Amino acid sequence: MIEFFKRLNRNKAFRLILSLAMVCVSAFLQVYIINVFMDPCNLISGGFTGIALFMHKAFALFHVDFTTSAGILLLNIPAALLCAKAISKRFVLLSTIQFSLVSLLLTFCQFEPLFTDQVLNILFGGVLWGFSISLALKAGGSTGGTDFIAQYVSNKIHKGIWDYVFYFNCFMYVCYGFVFGWKEAGYSIIFQFLSTKTISSLYQRYEQITIEFTTAKPQLVIDSFMSCCRHGMSIIEAHGAYSNKKFYICKTVVSSYQAREVIDQVRKADPKVIVNTYKTANFYGNFYQQPIE
């Protein structure tokens, strides 16, 4: 069954259909969160959607009807056009579908709040908002706005910059606090913090893992490893203290999302291999990062 899904996942048409379904769910979930958790507490999110919400509330003070839907499109379309060549046409297409659906659904869908308690709204809303963004990212797209910028920079430096996105959002919340009050701004920062932490936990494209294979058959490990990824490997001779036999430690660094496939492939070639993994804090040097489709 696992092999069947792996073969199915290699099919580009299937991956595209699955990605489209995921960005649609992401868009619907964001509209639901805005209606159910954010609006009752006068919260705004981060990124361009947050700016659009801010603009909608600010224009309302002057009795100008500037909708959040219009703001999302106005802010995101120029960013999508700028990033189309720099990142990936597929990535930009999926992202455009996502934020366009959010804009459309906000116009036609209305949901009733679940909680009257502000803390519950912030907790559930923040985690679910992060999940909705992670869903779009795992689909190979994004929710637009600062996600475009984050993906572009991350591709260049091979490291996630979600914490820096959070700092940018905090600046926006300070401006929001000046206009609408510090209580709402403070709650919005907590909302965004929960969202950012959820994304960091669920979307680990730029995290790296060191893998050590201890084996008596290094060539089998090398061949199976090289067949499934484009990374180097160091081979170190070792001596077993208990068995008094010669072993080899095959050491490599891979992206966290590749680790499971690499380990499965090597263990299939050498069932007796011993595998040790640990998180890599920083990697300096030439590291191949598979580009976004």
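Predicted model: local features only at pLDDT ≥ 70, side-chain atom pairs only at ≥ 80, totals over all residues.
| Helix pair | Axes come within | Crossing angle |
|---|---|---|
| H3 and H4 | 8 Å | roughly 140° |
| H4 and H5 | 9 Å | roughly 170° |
| H10 and H11 | 9 Å | roughly 140° |

Take H3 and H4 (residues 68-83) to begin with: their axes cross at roughly 140°. That angle makes H3 oblique to H4, and the crossing is right-handed. Who touches whom here? On the H3 side you'll find Phe 48, Thr 49, Ile 51, Ala 52, Leu 53, Met 55 and His 56, and they meet Thr 68, Gly 71, Ile 72, Leu 75, Asn 76 and Ala 79 of H4. Sort the residues of this contact by class and you get eight nonpolar, five polar and no charged.

Now look at H4 with its other partner, H5 (residues 89-108), where the axes cross at roughly 170°. Angles over 145 degrees count as roughly antiparallel, so H4 and H5 are roughly antiparallel to each other. From H4, the contact includes Leu 73, Ile 77, Ala 80 and Cys 83, while H5 brings in residues including Val 92, Phe 99, Val 102 and Leu 106. By class, this contact has 10 nonpolar, seven polar and no charged residues.

Leu 220, Val 221, Ser 224 and Phe 225 of H10 meet Val 262, Gln 265, Val 266 and Ala 269 of H11. The classes here are six nonpolar, two polar and no charged residues.

**The space inside**

How many cavities of 30 Å³ or more does the count come to? There is one, and the space in the largest cavity is about 180 Å³. Its lining has 18 residues, and the closest to the cavity's centre are Gly 46, Gly 47, Ile 133, Thr 146 and Asp 147.

Which elements give two or more residues to that lining? They are H3 (47-61), H6 (118-138), H7 (146-157), H8 (162-180) and H9 (182-202). So what kinds of residues face the space? The lining divides into six nonpolar, 11 polar and one charged.

Conventions
Residues numbered from 1 in each chain as written. Heavy atoms only, no water. Axes fitted to C-alpha atoms, helices over the stretch in contact; angles between N-to-C directions. Helix = DSSP H or I, 4+ residues; strand = E, 2+ residues; numbered from the N terminus. Contact = heavy atoms within 4.5 Å. Nonpolar A, V, L, I, M, F, W, Y, C, P; charged D, E, K, R; others polar. 1 Å grid on protein atoms, 1.4 Å probe; cavity = no way out; pocket = protein on both sides within 12 Å on 5 of 7 lines; lining within 4 Å. Points joined across faces, edges and corners; volume = space filled by probe spheres on them. Parallel < 35°, antiparallel > 145°, perpendicular 65-115°, else oblique. Left-handed = near helix turned anticlockwise from the far one by under 90°.
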